[in-house]
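I opened a new page for this one. Below is what I looked up, in the order I got to it.

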Amino acid sequence: MGTYHLASQLAADYPLLNIFWTMLELFLWILWIFLLFKIITDIFRSHDLSGWGKAGWLVLVILLPLIGVIAYLIARGDSMHKRDLSQAQQTEAAVKAYIRDAATPEAGGPRTHVDDLAALADLHTRGLISDEEFQRAKDKLLV
């Protein structure tokens, strides 16, 4: 009974508006941390900044965070989107190239089960083998 009384007393001492205010502060703090990390990563991946330029922006953002973040967004905010887009396009191209390389067999390399199944399906589609032969050959390949 004592625990319930303590919990209800704490709830009475912390009104609903204060709960909303605390949640808003927490949300804004998380948003601020996200923005700070986004800017720091943008500073490091920017190819048009020299080493001293990166060091200067980094010192400004770390030592005077509010002024540094606002100044960075004003000075380089438009190019942040371009760098994000460029990075996404490079990543997508790399993933597509990897998938294309992994999916295509090497010239003269060993045939895979997928190649054999595709050839078998082609023979079946063209009517060169019967349904029974197709099923038997497919079962043999998949075992």
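Predicted model: local features only at pLDDT ≥ 70, side-chain atom pairs only at ≥ 80, totals over all residues.

What pattern does the protein follow when I read along the sequence? I get α-α-α-α-α-α. The count comes to six helices and zero strands; helices (H or I, at least four residues) and strands (E, at least two) are DSSP runs, numbered from the N terminus.

Residues are numbered from 1 along each chain as its sequence is written, and side-chain values use heavy atoms, with hydrogens and water left out.

**Surface and burial.** Of the 143 residues, 14% are buried. Buried means under 20% relative accessible area, exposed over 50%, and partly exposed in between, with a 1.4 Å probe and protein chains only.

**Helices α5 and α6.** I checked how α5 (residues 113-125) and α6 (residues 131-142) pack: their angle is about 180° and their axes are 10 Å apart. The axes are lines fitted to C-alpha atoms over the stretch in contact, and angles run from 0 to 180 degrees between N-to-C directions. The two helices are therefore roughly antiparallel (over 145 degrees; under 35 is roughly parallel, 65 to 115 roughly perpendicular, the rest oblique). Who makes the contact (heavy atoms within 4.5 Å)? On α5 I listed H113, D116, L117, L120, A121 and H124, and on α6 D131, F134, A137, K138, L141 and L142. I sorted these residues into seven nonpolar, two polar and three charged.

**The aromatic pair.** How many aromatic pairs does a search of the whole structure find? I found one. The ring centres of W57 and Y72 are 5.0 Å apart and the planes are at 90°, so I wrote it down as edge-to-face. The rule: ring centres within 6.5 Å make a pair, and planes under 30 degrees apart are stacked, over 60 edge-to-face, the rest tilted. W57 sits in α3 (residues 51-63) and Y72 in α4, 15 residues apart. Both W57 and Y72 are buried.

**A103.** Is A103 buried or exposed? I have A103 as exposed, because its relative accessibility is 59%. A103 belongs to α4 (residues 65-103). From A103 to V114, eleven residues apart along the chain, the C-alpha separation is 9.9 Å.

Conventions: Contact = heavy atoms within 4.5 Å. Nonpolar A, V, L, I, M, F, W, Y, C, P; charged D, E, K, R; others polar. Phe/Tyr/Trp six-rings, centres within 6.5 Å; stacked < 30°, edge-to-face > 60°.
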